[in-house]
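Visitor: I'd like to learn how to read a structure like this one, feature by feature. Could you walk me through it?

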Amino acid sequence: DSYKYSKQNNCHIPSNKVVAPLEEYPDMYNSIDCVISPLSTVIVEAAIFGKQSLALTFDDGKNINKLKSYEHFKYLRNVSSYLECDDKSNLIDKCMILVSNVGNRNVQAALKKEIKYIADHDQNHYSKRLLDCVERIVF
């Protein structure tokens, strides 16, 4: 409702007033069929719940998308059910693919299994994984 209020009153609402509390995420993701989003953690979160997403990675003239080159998103391309739209002219076709997979238990199971590599792909502590990532980038 904060979003609706901001649009009706032409004002900006800080993002911390719009984002759902973390304890509501399971209910939120369990109540949706799929997600359409720019590259963000929402794509990974949805996959953890077996929900396929369509990542919008095309530049729209307003939001320049450099995220697809970020280290922490590169592994998404290894997920078999990952959908990305990098050209606005393909958006409808990509949405059709996304919608056709809604409720497909094979896609849901594959997402849950494959996303574990991104969310928890080794036994190292987070600080060790972060250090390794920084070293790969810097050196």
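Guide: Let's go from the overall fold to the cores, the cysteines, the surface and a few contacts.

Guide: This is a predicted model, so local features need pLDDT of at least 70 and side-chain atom pairs count only at pLDDT 80 or more, while totals for chains, interfaces and linings use all residues. Residues are numbered from 1 along each chain as its sequence is written, and side-chain values use heavy atoms, with hydrogens and water left out.

Visitor: Which pattern does the chain follow, read along the sequence?

Guide: Helices (H or I, at least four residues) and strands (E, at least two) are DSSP runs, numbered from the N terminus. Here the chain has 6 helices and 3 strands, in the order α-α-β-α-β-β-α-α-α.

Visitor: And how many of the residues are buried, as a percentage?

Guide: Buried means under 20% relative accessible area, exposed means over 50%, and partly exposed is in between (1.4 Å probe, protein chains only). Of the 139 residues in this chain, 25% are buried. The accessible surface, from the Shrake-Rupley method with a 1.4 Å probe and, for residues, only the protein chains shown as cover, is about 10,000 Å² for the chain, and 54% of that belongs to carbon and sulfur atoms.

Visitor: Which residues make up the largest nonpolar core?

Guide: The general idea is that in soluble globular proteins, nonpolar side chains tend to be buried together. A nonpolar core is a set of buried Ala, Val, Leu, Ile, Met, Phe, Trp, Tyr and Cys residues joined through side-chain atoms within 4.5 Å. The largest one here has 12 residues: Leu 39, Ile 43, Val 44, Ala 47, Ala 55, Phe 73, Leu 76, Val 79, Tyr 82, Val 107, Leu 111 and Ile 115. Helix H3 (41-48) and helix H5 (105-120) are the elements that give two or more residues to this core. There's also a second, separate core of 6 residues, including Phe 58, Cys 85, Cys 95 and Leu 98.

Visitor: What does Tyr 82 touch?

Guide: Contact means heavy atoms within 4.5 Å. Not counting residues up to four places away in sequence, Tyr 82 touches Leu 39, Ile 43, Ala 55, Leu 76 and Arg 77.

Visitor: I see cysteines. How many disulfides does a search of the whole structure find?

Guide: A disulfide is a covalent bond between the sulfur atoms of two cysteines; the cut-off used is a pair of cysteine sulfur atoms within 2.5 Å. The search finds 0 of them.

Visitor: On to charges: where is the salt bridge?

Guide: A salt bridge is a side-chain nitrogen of Lys or Arg within 4 Å of a carboxyl oxygen of Asp or Glu. The whole structure has 1, where the side chains of Lys 128 and Asp 132 meet (2.8 Å, N to O). Both residues lie in helix H6, 4 residues apart, about one turn of the helix. Lys 128 is partly exposed at 39%, and so is Asp 132 at 21%.

Visitor: Which residues make the nonpolar surface patch?

Guide: Patches are made of residues with over 30% relative accessible area and no salt bridge; like charges are joined within 9 Å, nonpolar side chains (Val, Leu, Ile, Met, Phe, Trp, Tyr) within 5 Å. Tyr 126, Leu 130, Val 134, Ile 137, Val 138 and Phe 139 make a nonpolar one of about 680 Å². Val 138 lies in helix H6 (residues 126-138) and counts as exposed at 54% relative accessibility.

Visitor: Last one: what is Gln 108 in contact with?

Guide: Leaving aside neighbours within four places in sequence, Gln 108 is in contact with Gly 50 and Gly 103. Gln 108 and Gly 50 are 58 residues apart in sequence, yet 4.3 Å apart in space, C-alpha to C-alpha.
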